[in-house]
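Reader: I would like to learn how to read a few features of a protein model. Please take them one at a time.

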Amino acid sequence: MGTVMGPVLLWLQDVVAVVVLKARRTLLQATILLCVLVLLLWVAIFLYGSFYYSYMPTVSFTTPVHFYYRTDCDSSSTALCSFPIANVSLLRNGKDQVMVYGQPYRISLELEMPESPVNQQLGMFMVRMSCYAKDGQTVTSVARSAMLHYRSSLLQTLSTLFFSPLLLSGMSEQKQYVEVELFTDHREDSYRPTKGAVIEIQSRHVQLYGAELRIHAHFTGIRYFLYNFPLTSAVIGVASNFAFLSVIVLFSYLQFTWGGIWPPEQVRVRVMMGDDTRLQQRREEVRRRIGSSSSLKKKSESGSDIITEPAESAQRKGELETLGTVSPVDQSSTLQDSSTVFEASTEELSGLTLTHRPVEADAGEAEADDPEVEGAAVKDSRGQAEGSQVPQLTDTTLRHRHGPQSI
């Protein structure tokens with residue numbers, strides 16, 4: 001029983017060790033993947049927030065307008081000594097420009113006016129606004145008319161009776177808000193951005209509680225979508241950034257793990273052998289044949305055998321002379337036949353060698369070195385002298401050694 005349980009326990013121990021190792025590896029990989037996904041999500045949210053903050057201009061800008069006028073005149077009437085005028089800065093916190101280039105803006109002035117008899121008898125009055133640049137030069141100027149809304153005496157009496165509790169408690173006042181639209185579609189000049197504006201009310205009898213300058217941007221295109229649909233645009237922007245970053249991380253992982261996604265590029269090499277090279281090879285081949293036949297002749301004469309020069313030597317000499325007088329026309333006609341094309345990969349180029357060696361010359365050299373073959377060579381030369389036909393030799397053989405095959 002113990003002999004049976006021993007191997008089983010060892011097998012169970014090995015299985016448990018393998019399972020624990022795989023579980024630890026899987027848990028580690030899942031943890032790393034989760035950390036990478038959280039990091040990518042955080043980077044995607046940060047990129048979208050940075051884009052939104054840099055791309056979206058100020059939606060609305062409101063600043064109080066404080067009018068001032070001259071008081072050095074001797075006037076006993078209710079008229080002012082000068083027109084009320086105010087200088088308003090159009091910079092946020094004194095540094096950042098409120099209006100950006102290319103964005104249309106609507107600029108309006110809101111006046112808080114009491115329903116006094118003076119304002120009711122005032123009628124129409126003019127409001128003028130002049131925008132200036134950093135150097136103080138006026139960039140744009142506009143003037144608009146305004147007046148208090150008309151209310152009859154009966155309507156005023158009924159309104160006073162109805163809102164008397166609120167009026168008596170101070171929760172309501174008899175006043176009107178008059179909004180004067182100065183610019184409908186104002187666009188900034190990129191060369192001379194606006195730094196401030198001068199607002200002037202051209203009336204010496206106007207009475208005001210206060211005033212505010214309001215600048216509101218009219219968004220179009222992507223800015224309109226970002227402003228009116230902030231949640232949808234945020235989801236789409238973060239998802240797009242997350243997908244883009246995920247693709248980059250995936251390609252980087254494949255590059256460092258597998259060494260690349262695409263196979264190594266194949267290289268084509270074209271080796272052209274010109275006419276001069278081929279002719280030179282054929283000359284060398286004929287000279288080797290003549291040299292081998294001459295050596296055989298000398299060996300036969302040293303053995304007291306008289307032989308005549310074979311007809312093959314004369315034929316080879318004529319071939320050599322013919323090769324030396326090849327016309328350029330014949331050379332150009334064999335250009336296509338003398339070109340050799342090789343296509344190989346990068347790994348195969350290092351192992352590619354070309355050797356141009358005539359087969360018959362090798363055989364002749366082997367016969368010259370081997371003493372046992374000399375007798376057969378002499379006999380063969382005697383047979384050729386007696387009129388036997390010499391077999392025609394083949395052309396130069398192009399042999400190449402193949403390099404290692406690319407995987």
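**Reading the features**

Author: The UniProt annotation "transmembrane region", from an unreviewed entry, covers residues 27-48 and 234-254; UniProt positions follow the numbering used here, feature names are shortened, and annotations may be inferred rather than shown by experiment. This is a predicted model, where local features need pLDDT of at least 70, side-chain atom pairs count only at pLDDT 80 or more, and totals for chains, interfaces and linings use all residues. Residues are numbered from 1 along each chain as its sequence is written, and side-chain values use heavy atoms, leaving out hydrogens and water.

Reader: How much of residues 27-48 is helix, and how much is strand?

Author: Helices (H or I, at least four residues) and strands (E, at least two) are DSSP runs, numbered from the N terminus. Residues 27-48 are 100% helix and 0% strand, with end C-alpha atoms 32 Å apart. Residues 234-254 are also 100% helix and 0% strand, and their end C-alpha atoms lie 30 Å apart.

Reader: Is Gln 103 buried or exposed?

Author: Buried means under 20% relative accessible area, exposed over 50%, and partly exposed in between (1.4 Å probe, protein chains only). Gln 103 has a relative accessible area of 2%, so Gln 103 is buried. This residue is in the loop between β4 (96-97) and β5 (105-114).

Reader: Is Trp 11 buried or exposed?

Author: Trp 11 counts as exposed because its relative accessibility is 55%. Trp 11 lies in helix α1 (residues 2-55).
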